[in-house]
Every structure is written in structure tokens, then in C-alpha cells.
Amino acid sequence: MEMNKLKKILLRRYWPINLKIDRLKITNLKKTAFIFYIILICLGSINKSYSQVPIDVGDPPNNTDIPGYFKSRLIDIENELAEIKKGIVEIVATSPGGLPVYAVYYGEKDNLHSQANYNSAVAAKNPAFYAKKSSSTKPVVFFIGPVHGQEVEGIVGLVNLIHVAETGLDYRGKGWNSLKGKLEKCRIIIIPCANPDGRKRCPYDSFMGLHENMVTKYGQGTRKDGSMWGWPLAKSNHPMKGDVGILGSYYNDDGINIMQDEFFNPMAKETKAILEIARTEAPDITVSLHSHETPPAIYNPEYTAWFIKDRVFNLEKRLNSRYKIEKLSYTPDDLLQVPKKEDEKFPPQTSFNLVCALHHISGTMAFVFECNDGTISDRIPKSFVTYENILDIELILYDEMLDYALKERLLWD
Ligand SMILES: [Zn+2]
């Protein structure tokens, strides 16, 4: 696609059942019903890790060409975690839909000698009162998989990242020795999917080549009359309850969009778990993985310290250059997001979202990354990316983040 056309597109874009069996007096009829019921439960639990909502009649079917390495389903996460030997796996929350939210840890946690919470430490004029980060402690890097369940590319990336940490290879068999070496020098926390309820409700395992309306429909959901909530009105009703036809994968089963939770009193256990990891781990750098229809991009958080915005912008430039070198989709230099002030005039247009909260609870250099989802539209007649590109885009982001954490580290001691 020619650069001017791409710029135009980008410019437009920037705006249990407790069964006490022995107490049941089961007649033959009841026995049959009971067995049938158990079969249904088993089928339900077998299916629990897969995409579940049926695709509406008239909407395109799931792609049949999704390669084996494109591991975007909840069952792919379960399978990967079952094979982990070097890392430690924890369930950090249970979703309203009863699904586990996993975190995987690599590298021993250093003692950061915390004696105050972050904002109090800053008020005491030294963040080291919250976390003493010295050359003898490892950088801490926090990867947060999709909070928006339809943005499956982050799951693909993080399942492959775990595989790299375990074996040095991604699921194509491609070696990532340098990335593996960097992982081994850091404390790593990976949440492969922060919103399993949302992912479970997404019927597509990739949106490659599909119209972007499918992401809007199943991602942000519909009203009872079938009309799509769309962006930004998908955030106008929160929790998303009431006038809901399809509850979008944006939300957990309680209708909470983790990205825009109430951070001083979180509504979702998933949000609480993410914030608690940041609070106790003091990550140097944190990414919240998302996807959109335009080329891959880091989004600088709105309400964070200026030096963090500056650092995020530096990383954005480095990553974009790397994508150019690797001949992957990238953003034209003059459209990179230069740091800007928070709302200067009424009415406010920028929000204090998850990544801002993560910064203010831990000092972390937090940002959103938007991968490309491969969708098409009238504006984008052909996908920017292939399945291979998506995996490379994700793994190169992680490599650049680790590089930045190791080489550009801020020491607090
Ligand atoms: Zn998103």
C-alpha cells in the first residue's frame, strides 16, 4: 500500500454444582436423566477452553488456514502451561465465568526492601523507599495478555514467548537465542490472557482477512436490536449491561472492560490481580497487549509522569525502526505518537486507564501495544500482515522491551 494512503488511514484511526450423589435416591428414570446430565457437564467442561459463541448466520466462518503455531485459544494456553518446566505457574484470579487467569513467572524475585507504597515513596522524594532497584537486582518485565478477548494476537505471542523461554524456539521452530538470553537476565511475569471470559466468547480464532466489522460486532458487542455498540460508545455503558444482544469479548462475563475498570475500587477480580502483581513486583516495564486494524504501534499512556512518556516514545521509535529493518508493517515516522500533555481544556478526552493505573501503583513504564489483526475494510482492502508477520511483530516487541529494560534501566537506590 502506498504511504499516502496508509497515512490517511492512520490519521483517521487516531481519534458448580455441588452434587451429593450418595444422598440422591435415583430411580431408573432419574438415573437416565442423571447420566445424561453428567454427560452434558463433561461436554461443557471439555469445551470450556474453546471458542464458544456460535457465529451468526450470514457471518463468515472461522478461517480454516490458521497455522498450528498461531496459538490463540484458551486450550493452547492450558496445553503450554502443562508443559512448563522452568517457569512457575499460578492462578492469580478466577473470572466471573469461572475460568482461571494464569500468571507465569521466570527468574527469582529479588528482595526490593520495600518500606512504603509507591506514591508515598515518591512523596518522600525517592522511589527506592518503595523498591530498591540496583545493578544487583534484575529488571522486572510484565507482559499482560489481552484484556479484550477478541484481540487474540497477544495470546499467540505470549504462548510462543513461553515456548521460547522453555526451549529457545517458537512454535514454527524458529530460534530466538538472543531473546531467550535476555529473558534469563530478568524477572518475567506473563499473563497469557487477562480476560478468559472474553476470549471464550469470541467465536473467531483469528480475524485474518475478515471485515473489521466482525471485530466490532463480536469484540465490542451489539445492542438488543442487533446494532453494534462500536468504538467509543462500547465504553459509554459500564458495566456493559441492559441493552445487550451479544456481550462483546471486550468484557468479562460481568460486563467489565478491564482497561477502563474503576481502579480505586476495581470491579473485576482480573483487574485486582493485575494491579496486585504490579504493586508487589515493581516492574521496570509493562505492556498491555491489544490489536487493531492498522499497523502495529505503541500507544503512549496519557496520565503518567513525563519522563515515562518520553521513555515510551523512545521505545516506540526503536521498535518501529526494528519493524522496518525486519520488513514488517510499521508506522510512518511522522505519525509516531509524540508525548503530549493531559487534557488542557474541557471537556476531557483522555482517560486514566489500566496502564496509567499500573504506572501510578508501581512506577512502571507501562504502555499499550496494538498489534495488527489482519482485518480488511473499504479503507484497507488487503491485510497488512500474514499469520507469520503477527508472530514476528509480537516476539520482536518483547525482544525490544527486554533490550530496553536491560540497557536503559532506571536504578532507584
Ligand atoms: Zn484492546
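This is a predicted model: local features need pLDDT of at least 70, side-chain atom pairs count only at pLDDT 80 or more; totals for chains, interfaces and linings use all residues.

Let me begin with a loop. H113 sits in the loop between β2 (100-106) and α4 (118-123); here helices (H or I, at least four residues) and strands (E, at least two) are DSSP runs, numbered from the N terminus. The phi of H113 is near 50°, which is a positive value in a residue other than glycine. H113 counts as partly exposed because it has 13 C-beta neighbours inside 10 Å. For the cut-offs, a residue is buried if 20 or more other C-beta atoms lie within 10 Å of its own, exposed if 12 or fewer, and partly exposed in between, with C-beta atoms placed from the backbone.

Residues are numbered from 1 along each chain as its sequence is written.

K327 is placed in the loop between α10 and α11, and it counts as exposed because it has 9 C-beta neighbours inside 10 Å. The loop between α10 and α11 also holds P347, and the peptide bond from F346 to P347 is cis, with omega near 0°. Another cis peptide bond runs from W231 to P232, with omega near 5°; P232 belongs to the loop between α8 and α9. As background, most residues other than glycine have a negative phi, and most peptide bonds are trans.

Turning to the overall picture, the protein chain has twelve helices and seven strands. Of its 413 residues, 46% count as buried. In helix α8 (residues 212-220), the buried residues are V215, T216, K217, Y218, G219 and Q220. Just after α8 comes G221, with a positive phi of about 90°.

Setting aside neighbours within four places in sequence, I190 is in contact (C-beta atoms, placed from the backbone, within 7 Å) with A103, V104, F143, L158, L161 and I162.

Next, the helix packing. Axes are lines fitted to C-alpha atoms, for helices over the stretch in contact, and angles run from 0 to 180 degrees between N-to-C directions. The axes of helix α10 (residues 306-325) and helix α12 (residues 387-407) come within 10 Å and cross at roughly 135°. That angle makes α10 oblique to α12; angles under 35 degrees count as roughly parallel, over 145 as roughly antiparallel, 65 to 115 as roughly perpendicular and the rest as oblique. On the α10 side, L315, R318, L319, R322 and Y323 meet I396, L397, E400 and Y404 of α12. By class, this contact of α10 with α12 has six nonpolar, no polar and three charged residues, where Ala, Val, Leu, Ile, Met, Phe, Trp, Tyr, Cys and Pro count as nonpolar, Asp, Glu, Lys and Arg as charged, and the others, Gly among them, as polar.

For helix α3 (residues 74-82) and helix α5 (residues 153-167), the packing angle is about 10°, with the axes 10 Å apart. That makes α3 roughly parallel to α5. D76, I77 and E80 of α3 meet I155, V159, I162 and H163 of α5, and the contact divides into four nonpolar, one polar and two charged residues.

Finally, is F367 buried or exposed? F367, in strand β7 (residues 365-372), counts as buried because it has 26 C-beta neighbours inside 10 Å. Not counting residues up to four places away in sequence, F367 touches V287, I298, Y299, N300, P301, V312 and V355. F367 and T304 are 63 residues apart in sequence, yet 9.9 Å apart in space, C-alpha to C-alpha.

How values were computed
Two residues are in contact if their C-beta atoms, placed from the backbone, lie within 7 Å.
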